[in-house]
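Subject: Structure handover

Hello,

Here is the structure I said I would pass on. My notes follow it.

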Amino acid sequence: SICRLPKCRWRKHKAHDRESDIITGIFRVCGTMQGFIVAIGGAIMAEPIVFPGLNLTLNIDPVALRLMGLEIRWYGIIIALGLGLGLFLALRHAPRFGFHENDILDFILIVLPMAVIGARLYYVAFTWDLYKDNLVSILFIHQGGLAIYGAVIVSVIVAFLYTGRRKLNRLAFIDFLIPYLALGQAIGRWGNFVNREAHGMI
């Protein structure tokens with residue numbers, strides 16, 4: 001196992017220990033995200049967000065923090081919060097659906113970097129003209145350019161292989177995780193809002 005937590009017997013007097021185990025697991029996963037939080041924000045100009053019908057204008061800086069020359073953007077922070085909340089809820093509910101917390105944690109540790117790679121490759125594939133003359137720029141993920149469709153496709157493939165390796169019920173495992181994926185996507189849309197992207201039209 002990649003990340004092994006102490007077993008929990010689901011007794012009331014051990015509830016506090018179990019919550020601590022879950023939080024510890026989340027911090028371990030979040031530790032793998034430190035580089036991604038900086039990278040996935042993208043390079044977005046800080047133009048005003050205008051709601052003409054409401055006579056409302058918002059000036060939100062997409063960059064939340066600047067540390068030692070690095071820009072940590074709200075998009076990355078919001079994505080991390082969505083992942084953290086989804087993971088927390090999945091770990092709480094996993095035993096009720098026949099899965100151990102370690103099944104979820106190990107999967108997240110594997111699928112997270114693979115999903116970022118898939119999202120990047122999907123974006124590059126559909127904007128090839130931007131990269132064909134400078135292939136090295138494909139690696140410049142900090143300049144923006146991810147697509148959720150690529151992340152979802154790769155995640156499904158990884159889930160298929162992971163459940164086979166662990167001898168878990170594939171459909172039950174994917175069915176269990178889908179609501180948390182939807183929750184993370186809903187929260188992540190607020191990152192798109194701050195980035196001035198993926199909005200509707202008047």
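Before the helix packing, a definition: axes are lines fitted to C-alpha atoms, for helices over the stretch in contact, and angles run from 0 to 180 degrees between N-to-C directions. Helices (H or I, at least four residues) and strands (E, at least two) are DSSP runs, numbered from the N terminus.

This is a predicted model, in which local features need pLDDT of at least 70 and side-chain atom pairs count only at pLDDT 80 or more, while totals for chains, interfaces and linings use all residues. Residues are numbered from 1 along each chain as its sequence is written, and side-chain values use heavy atoms, with hydrogens and water left out.

Overall

The protein has six helices and four strands. From the N terminus, their order is α-α-β-β-β-β-α-α-α-α. Of its 202 residues, 36% count as buried (buried is under 20% relative accessible area, exposed over 50%, partly exposed in between, with a 1.4 Å probe and protein chains only). Taking contact as heavy atoms within 4.5 Å, 71% of the contacts between residues at least 6 apart in sequence join residues at least 24 apart.

H4 and H6

Helix H4 (residues 101-126) packs against helix H6 (residues 170-194) at an angle of about 75 degrees, and their axes are 13 Å apart. H4 is therefore roughly perpendicular to H6, a label for angles of 65 to 115 degrees; under 35 is roughly parallel, over 145 roughly antiparallel and the rest oblique. On the H4 side the residues that meet H6 are Asp103, Ile104 and Phe107, and their partners in H6 are Phe173, Phe176 and Leu177. Five residues of this contact are nonpolar, none is polar and one is charged (Ala, Val, Leu, Ile, Met, Phe, Trp, Tyr, Cys and Pro count as nonpolar, Asp, Glu, Lys and Arg as charged, and the others, Gly among them, as polar).

The core

A nonpolar core is a set of buried Ala, Val, Leu, Ile, Met, Phe, Trp, Tyr and Cys residues joined through side-chain atoms within 4.5 Å. The largest one holds 19 residues, and Ile104, Phe107, Phe173 and Phe176 touch the most other members. Helix H3 (74-93), H4, helix H5 (148-166) and H6 each give two or more residues to this core, with the largest share, five residues, coming from H4. Apart from neighbours within four places in sequence, the contacts of Phe173 are Phe99, Asp103, Ile104, Phe107, Tyr162, Thr163 and Leu168.

Elsewhere in H6 is Arg189, which counts as partly exposed at 39% relative accessibility. Arg189 and Tyr75 lie 114 residues apart in sequence, but their C-alpha atoms are 8.8 Å apart in space.

Loops

Most residues other than glycine have a negative phi. Asn55 is exposed, because its relative accessible area is 73%. Met68, in the loop between strand S3 (63-67) and strand S4 (70-73), also is not a glycine and has a positive phi of about 55 degrees. At 87% relative accessibility, Met68 is exposed.

Ser137 sits in the loop between H4 and H5 and is buried, with a relative accessible area of 9%. Beyond four places in sequence, Ser137 is in contact with Arg120, Leu130 and Tyr131.

Regards
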